[in-house]
Amino acid sequence: MSQGPRSGLAAVSSALLAMSRHLEVRDVLKTIVASARELLGAQYAALGVPDDHGGFAQFVVDGVSDEQWKAIGPLPRQHGILAAMLREARPERLADVRKDPRFEGWPAAHPDMSDFLGLPIRDGDEVIGALFLANKNCPKPDGGCGFTQDDEELLSILAQHAAIALTNARLYERSRELTIAEERSRLAHELHDAVSQKLFSLRLTAQAAAALVDRDPARAKGELHQVAALAADAADELRAAVVELRPAALDEDGLVATLRTHIQVLDRAHSARVTFAGHGVRALPAAQEEALLRVAQEALHNALRHSGAEHVAVTLGKRGPDTVLRVTDDGGGFDPTTVRRAGRHLGLVSMRDRASGVGGTLTVVSAPGEGTTIEMEAPGG
């Protein structure tokens, strides 16, 4: 026991330092899972964050090789012991998880597990995840569990830190969304103030020119020159606002190059393989290019953050006279009949609005365990 408290404090300290260093919750969760497995002397550890569709938005493991993890297949669904932990919100300490009546088996490539310790991760009254360990590396009493009450208490501390990490990540993402909304509001106010003043002056000057055109043509001509200058100023104000709202890379590099660069960055930043293929697409009107880029970004965000995919493929090509963007992942998928609830969570409403706003269409094909394909078709290109 003399080594336990010091090791426990070191593991908790490591998790706290990770939270202070990273904004991405997955990095924090990896630290917590690795710390829990090492501290409690377990062969395997995992932490799952459920989604709204019966699967997991994030599932972090430690003690399983990359090759073994790929062989296991899609992320687990919420069933058996995992579902019980999420539903009943109580710790589970079992001598042999395989003998529990709630056990429903696992894939052929899944490692064999016996003794098991799991705890729900709570944010107040809400269960937001599950942290669990398997196969304690110690002599086990006949028919007993290697995990002890002390192990359960220590894992409970780490589960509390996992809740803090998840809550902080949610707050960060919400703050980022609010910042974007505030920036758009600021631009809207500036656009309204500046352009409205220019248009008001332009209208008055045009009225003055109309009143002078018969009795003083020379002065009317001067007023008309002023109308032209005010109109040019208003156009400059509008152009400046549009430049702020439109991604600069689209103007400089075009849609294909911008998408390729964006996807190369995502491929380096995530464990999933992200690929891009673009063929035969010419330059599109600015509105179409921005809509296609925004839909691609939203679909990629969903695939990489929520689906558990190992491969996400993005293609941009032609279908007759139209341009077609397709984002396909091999992740957990979802039931499109529940899209009313999932629509806002996955940004589907926003993507459909962007597509229809440029005269295009959006199609979503998905099923639980069968991945997702999001396709946008836009005129032109």
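The legends below describe close-up views of a predicted model.

**View 1. Overview of the predicted protein.** The protein contains 10 helices and 10 strands. Of its 381 residues, 41% are buried. Among contacts with a separation of 6 or more, 62% are between residues 24 or more positions apart.

**View 2. The open sheet of 5 strands.** The strands are arranged in the order β2-β1-β5-β4-β3, and their pairing is antiparallel. Strands β2 (56-62) and β3 (92-94) stand at the edges; each has a single partner strand, so one side of each lacks a neighbour in the sheet. On average, neighbouring strands of this sheet are turned by 10° against each other, direction ignored. Strands of a sheet in general pair through backbone hydrogen bonds, either parallel or antiparallel.

**View 3. Strand β1 and its two partners.** Seen here are β1 and the strands paired with it, β5 and β2. Of the 9 residues of β1, 7 are buried, so this strand is largely enclosed by the rest of the structure. The antiparallel pairing of β1 with β5 runs over 6 bridges, and Tyr44 has Ala134 of β5 as its bridge partner. Strand β1 is also joined to β2 by 6 bridges, again with the two strands running antiparallel. Here Val49 stands opposite Gln58 of β2. The hairpin of β1 and β2 has 5 residues between the strands, and Gly54 in this hairpin takes a positive phi near 85°.

View 4. Strand β3 pairs with β4 (residues 116-123) over 3 bridges, in the antiparallel sense. Leu94 has Phe116 in β4 as its bridge partner. Helix α2 (residues 25-40) packs on the sheet, where it touches β1 (42-50), β2, β4 and β5 (126-136). The direction of α2 makes about 40° with that of β2.

**View 5. Helix α2 along its length.** The end C-alpha atoms of α2 are 22 Å apart, in agreement with the 22 Å that its 16 residues should span at 1.5 Å a residue. Buried residues of the helix include Val25, Val28, Leu29, Ile32 and Val33. Further along α2, the buried residues include Ala36, Leu39 and Leu40. Thr31 and Ser35 are also buried. Gly41, which follows α2, has a positive phi near 65°.

**View 6. Surroundings of Asp151.** Asp151 lies in helix α5 (residues 149-212). Its relative accessible area is 10%, which means that Asp151 is buried, the cut-off being under 20%. The side chain of Asp151 makes a polar contact with that of Lys136, at 3.1 Å. Leaving aside residues up to four places away in sequence, Asp151 touches Leu40, Leu117, Lys136 and Gly146.

**View 7. The two sides of helix α10.** Leu348, Met351 and Ala355 are buried in α10 (residues 348-357). These residues cover an arc of only 60° around the axis, so they are on the same side of α10. Asp353 and Gly357 are exposed on the other side of the helix. Gly359 follows α10 and has a positive phi, near 80°.

Terms used:
Residues are numbered from 1 along each chain as its sequence is written. This is a predicted model: local features need pLDDT of at least 70, side-chain atom pairs count only at pLDDT 80 or more; totals for chains, interfaces and linings use all residues. Side-chain values use heavy atoms; hydrogens and water are left out. Two strands pair if DSSP finds at least two bridges between them. Helices (H or I, at least four residues) and strands (E, at least two) are DSSP runs, numbered from the N terminus. Axes are lines fitted to C-alpha atoms, for helices over the stretch in contact, and angles run from 0 to 180 degrees between N-to-C directions. Contact means heavy atoms within 4.5 Å. Buried means under 20% relative accessible area, exposed over 50%, partly exposed in between (1.4 Å probe, protein chains only). The arc is that of the directions from the helix axis to the C-beta atoms. A polar contact is a pair of N or O atoms within 3.5 Å; within protein, one must be able to donate a hydrogen and the other to accept it, and residues adjacent in sequence count only if both atoms are side-chain atoms. The expected span of a helix is 1.5 Å times one less than its number of residues.
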